[in-house]
Amino acid sequence: MSARDEILARMRRALEGASAAPPVPREYRRSLDAEVDVVAMLIDRLVDYKANVHRGLDAIPEALGGAVRVAVPADLPAEWRRGSAEFVEDRGLTVEELDGVDAVLTGCAAAVAVSGTIMLDAGAAQGRRALTLVPDHHVVVVRRDQIRGHLAEALPRLDPTAPQTWISGPSATSDIELQRVEGVHGPRRLDVVLVD
Amino acid sequence: MSDIVPAASLIPADAPFPKAAKVALGMPQLRANLAHATGTIRAKRAKVAGELDDWERLRDTASAVKADVQRRLPELAVEFEQNATAAGATVHWARDAKEANEIAARIVREAGAEEVVKVKSMATQEIELNEHFEAEGLKAFETDLAELIVQLAEDKPSHILVPAIHYNRTQIRDIFEQRMGDAPVGLTDDPAALAEAARLHLRRRLLSSTVAVSGANFAVAETGSLVVVESEGNGRMCLTMPRTLVSIVGVEKLLPSFSDLEVFMQLLPRSSTGERMNPYTSVWTGVREGDGPQDVHVILLDNGRTGVLADEVGRQALSCIRCSACLNVCPVYERTGGHAYGHVYPGPIGAILAPQLEPGKHDDLPYASSLCGACYEVCPVKINIPEVLVHLRQQGPHQAAEKAAMGAAEAVMARPRLWRTALKAARLGSMPWRRKGFVRRMPWPVSKWTVSRDLPVPPKESFRDWWKERDR
Amino acid sequence: MKRVALFITCVNDALFPEAPKAVVRILERLGYEVDFPAAQTCCGQMHANSGYKNDAARLARSFDEVFGGYDAIVTPSGSCAAMARDQYPHLTGSDIGQRVHELSEFLVDVAGVEDVGAHFPHSVTYHPTCHGTRALGLGDKPLRLLRAVGGIDLVDLPAADQCCGFGGTFALKNSEVSSAMLADKCRNAAATGAEYLAAADNSCLTHIGGGISRLSRIYGSAGVAKSGGPKPIHYAEILASTA
């Protein structure tokens, strides 16, 4: 018998005579109260994670913080490419090339206010996963209409089978005495630009 | 600077829990480190769990979803296999640790590699993949900071989430200085400096490795997707940069649908690191052209899980999402650390999982609990750990002397007249101690009590005497 | 007159008559008629939790026989009440546990009183025992009753929710770990400076009291005139005290 068939047979044997599981209750919250200011909450949570927050497309150069060479996905809107940096489009950049840029500028698919999470799903203006991983500084543009209060509201905005990265602040670790310190293998600096 | 002595080497791995625990209790630095770390995380968890007004409802849902998954495990496993395969992944099945390790080693060889980078994974710890690779002439490099510390110290993990929880910052600095090879000169014990040292040490390898091995926190049947939850970005590196990716996933990690993540991704980060959300979560489904690994494998692992599934009470242990909240609140774990449990899964969850995954090998673990229930209270998927502990005690073998004593006690207690006679006898027998009011020393097994506590003496007048007197 | 049965528990039967006597006084003061079925022995918890299911089931059945005729059974033990409520359904299928009330549950939920007219002019710290708090969900009911006591000075116990390390046979089987837990509990209790340490279970109090008594003797033999900590007392005894 193949391992597959044997494991499936073991499972069926283990469950012989088991009664059906009771229905799953779903009484939990799926959205925040209407009066919650989700933008303010998102900013609060991002700052708590030591991400930097900026407002408006004009703030992009400031968010890039003097980066000279900035990697961008090829479909990054032209109006986001502001300031004096050289914007290097990712048309198959090598690892070395990615490691050599000062920053990466992308958009996102959605953001969750309650947990300060920015979600990428390889959609428009986001590029492939390596693009937002190898450079040490990630600048991400979040449109107001992409912000959701609650995780349950944001998930339907993602392509479930596309490669996703959910980002909540810069790279961090709690491995030393369970205290969070920022900056390990992922981008050590995260700047978020909120635009209308 | 002190020599590196791996904590696990001091605690006899095969000793029964009480013996191993006694050794651990005699290590003041270990106890101080554990008390500090578990105290920190307990407060953080309580704060962020308290922020959600629907926390208990989330727990109810998560518990019910997991029970449903267990009930439908064969269907969901096949559904996952079909969807992952359709998305370009190769799905393998492994009956046990040996089979999983062999499949993984074969994939690494076929990819033309001799070394792999690893994302922290309990499944690979469970099957001892690193040791198996070593024996096969392959090398596995841990990239999670805590796993790296443990690997450099040649130690064993002592916690599910933070395997190096038993080391403090100064000890970690010493380990890096002595074992890392390329540790920066003048490295301090500032956690940020230590994290930076780990970044420099691993960066080249993370960017250039061709094969990675991971586990998964969740496997979504509906889409064939895997989910890895992490903090440092080493996970993203391993899941993105290499050409070949092998993920070893216990069959119990299945979730029916992608939208179930809206429940579990609220519970897991808040319960584990006490954060509203962990820094990075990766979700991938098979192969995506031009983005990440192009050779994607999933090994679905049984290794005792179907045996656990067969026990109606015990199977809830398969609901575990490895958050470690139960370890962090456990008064026993806090004082002994993880090594004393002698299994990769320590603490309360380990005490119910280890004896079920390896029947007959960890019969002492269900007793490694005062049944205080703190674990059940924090468990995000509501595993009734005390209930399973008692259930396993009722299944397990019993010492002959204890069995006789318990039987004798029951025989007396089941007969009210005998019970009253025994109480009277005890009062008379304790006369010599009456004046002092306590007993200081008793023969075994009561000596186990009197080693640190005095024993009260039966009263002169019992409640029954008082009641009778009153009635007259 | 309203009639209730009193289950005193085997530990109190053997060692601590004051707690059940206190329960009788409180209930009678509130106008209840208290029955003490003399055939009662033990709820079977020690056997169940040590893995002796059949022994436990026999004791559970005799509990049912002794108390089956009562609508309300009151006990000064959170642990024994939890045993009947949580474990009897699995052991014997009996739901008698629904009628077993730990004292504070009975007073607050059934009798609807928090001020039982007690007076106790002493400083007291309260340890919420694990089974009462977590398995039974007593919450702050015992504390609410204590807060209403005249003259009492309630002092917070640091790390109150931590187990004292008793755990039935755990104290013997894992004596060293249990002792380490006890040492921390005793240190926290002593740090309150309270005269009394109150709790809802005499088994836990035997453990904590045994530790404090041992510490006092150690100090004594070292020539230090210092107490190991507060005196253990079942909170029912405080509620029974009057001016």
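This note sets out numbered points on the chains, their interfaces and some local features of a predicted model.

1. Basis of the model. The model is predicted: local features need pLDDT of at least 70, side-chain atom pairs count only at pLDDT 80 or more, and totals for chains, interfaces and linings use all residues. Residues are numbered from 1 along each chain as its sequence is written, while chains are lettered from A and ligands numbered from 1 in the order in which they are written.

2. Arrangement of the chains. Two residues are taken to be in contact if their C-beta atoms, placed from the backbone, lie within 7 Å. Of the two pairs of chains in contact, chains A and B share the most contacts. Chains A and C do not touch, and their nearest C-alpha atoms are 17 Å apart.

3. The interface of chains A and B. Here 75 residues of chain B are in contact with 58 residues of chain A. Helix α11 (residues 191–208) of chain B supplies the largest share of the side of chain B that touches chain A, namely 10 residues. By class, that side of chain B has 38 nonpolar, 20 polar and 17 charged residues. In this classification Ala, Val, Leu, Ile, Met, Phe, Trp, Tyr, Cys and Pro count as nonpolar, Asp, Glu, Lys and Arg as charged, and the others, Gly among them, as polar. Helices (H or I, at least four residues) and strands (E, at least two) are DSSP runs, numbered from the N terminus.

4. Strand β9 (residues 164–167) of chain A and strand β9 (residues 280–285) of chain B run antiparallel and are joined by four bridges; two strands pair if DSSP finds at least two bridges between them. Within this pairing, Q164(A) stands opposite V283(B).

5. Packing of α10(B) on α11(B). The axes of helix α10 (residues 169–179) of chain B and α11(B) come within 10 Å and cross at roughly 30 degrees. Therefore α10(B) is roughly parallel to α11(B), a description used for angles under 35 degrees. The axes are lines fitted to C-alpha atoms, for helices over the stretch in contact, and angles run from 0 to 180 degrees between N-to-C directions. In α10(B), R169(B), I172(B), R173(B) and F176(B) meet P191(B), L194(B) and A197(B) of α11(B). This contact has five nonpolar, no polar and two charged residues.

6. The interface of chains B and C. In this pair, 51 residues of chain C are in contact with 47 residues of chain B. Several helices of chain C each supply at least two residues of the side that touches chain B, including α2 (18–29), α4 (53–67), α10 (175–191) and α11 (202–221). The most comes from α10(C), with eight residues. This side of chain C divides into 23 nonpolar, 19 polar and nine charged residues.

7. Backbone points to check in chain B. Most residues other than glycine have a negative phi, and most peptide bonds are trans. The peptide bond from W444(B) to P445(B) is cis, with omega near 5 degrees; P445(B) lies in the loop between β11 (438–439) and α22 (447–450) of chain B. N303(B), a residue other than glycine, has a positive phi near 45 degrees and is placed in the loop between β10 (295–301) and α14 (305–309) of chain B.

Key: Parallel < 35°, antiparallel > 145°, perpendicular 65-115°, else oblique.
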